[in-house]
Amino acid sequence: MMRLEYSLDEINEVSQTLLEQLPDRAVVLLNAEMGTGKTTLIAHLLKQLGVSEVSSPTYSICNVYHTPAGKKIHHYDLYRIKDTEELMEIGFQDMLDSADYHFIEWPELGEPFYESPITWQIHRQGDIRILTIL
């Protein structure tokens with residue numbers, strides 16, 4: 001288990017540290033309350049990987065990115081998904097099989113689909129975020 005404490009001023013350094021911990025392919029589950037900075041953290045991770053245009057997947061469910069190094073990344077926001085059947089209808093399992101990195105916000109409904117995920121638990125205490133890798 002690894003624990004990182006950071007402010008938004010330190011998010012680039014934390015992003016680099018997190019990327020150094022990831023294997024070549026990974027499913028990362030982000031468990032955190034609304035407003036904790038999940039999307040902000042993912043945007044900084046993607047920028048570290050060379051992705052310049054990053055947006056929130058709140059309405060699209062999944063945004064797909066390609067890095068200059070050839071990695072394919074999916075960033076999901078499953079907040080609006082109602083049940084596992086809806087995940088099946090959008091082809092969630094196929095999506096999980098088709099990219100190098102998957103960063104999943106609100107991952108609970110997808111639990112039946114994940115194989116060996118990495119979980120990042122984020123808590124906020126004032127201006128400080130505490131990220132624990134489980």
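**Exercise 1. Find the strand that joins strand 1, and count the bridges between the two.**

Let's work through this predicted model together.

Step 1. Start at strand 1, residues 2-6, and look for its partner: strand 7 is joined to it by five bridges.

Step 2. Check the direction: the two strands run antiparallel.

Step 3. Pick out one pair to see this in the structure. Arg3 has Thr132 of strand 7 as its bridge partner.

**Exercise 2. Is strand 7 largely enclosed or largely open, and why?**

Step 1. Recall the cut-off: a residue is buried when its relative accessible area is under 20%.

Step 2. Apply it to residues 128-133. Five of these six residues are buried, so strand 7 is largely enclosed by the rest of the structure.

**Exercise 3. Locate Asp100 and decide whether it is buried or exposed.**

Step 1. Look in the loop that connects helix 4 (92-97) with strand 5 (101-105); Asp100 is there.

Step 2. The relative accessible area of Asp100 is 17%. Since buried means under 20%, Asp100 counts as buried.

Step 3. Look at its surroundings: leaving out residues up to four places away in sequence, Asp100 touches several residues, including Asp24, Ala26 and Gly70. With Arg25, the Asp100 side chain makes a side-chain polar contact at 3.3 Å.

Technical notes. Residues numbered from 1 in each chain as written. Predicted model: local features only at pLDDT ≥ 70, side-chain atom pairs only at ≥ 80, totals over all residues. Heavy atoms only, no water. Buried < 20%, exposed > 50% of the residue type's maximum accessible area, 1.4 Å probe, protein only. Helix = DSSP H or I, 4+ residues; strand = E, 2+ residues; numbered from the N terminus. Pairing = 2+ DSSP bridges. Polar contact = N/O pair within 3.5 Å; in protein donor to acceptor, adjacent residues only side chain to side chain. Contact = heavy atoms within 4.5 Å.
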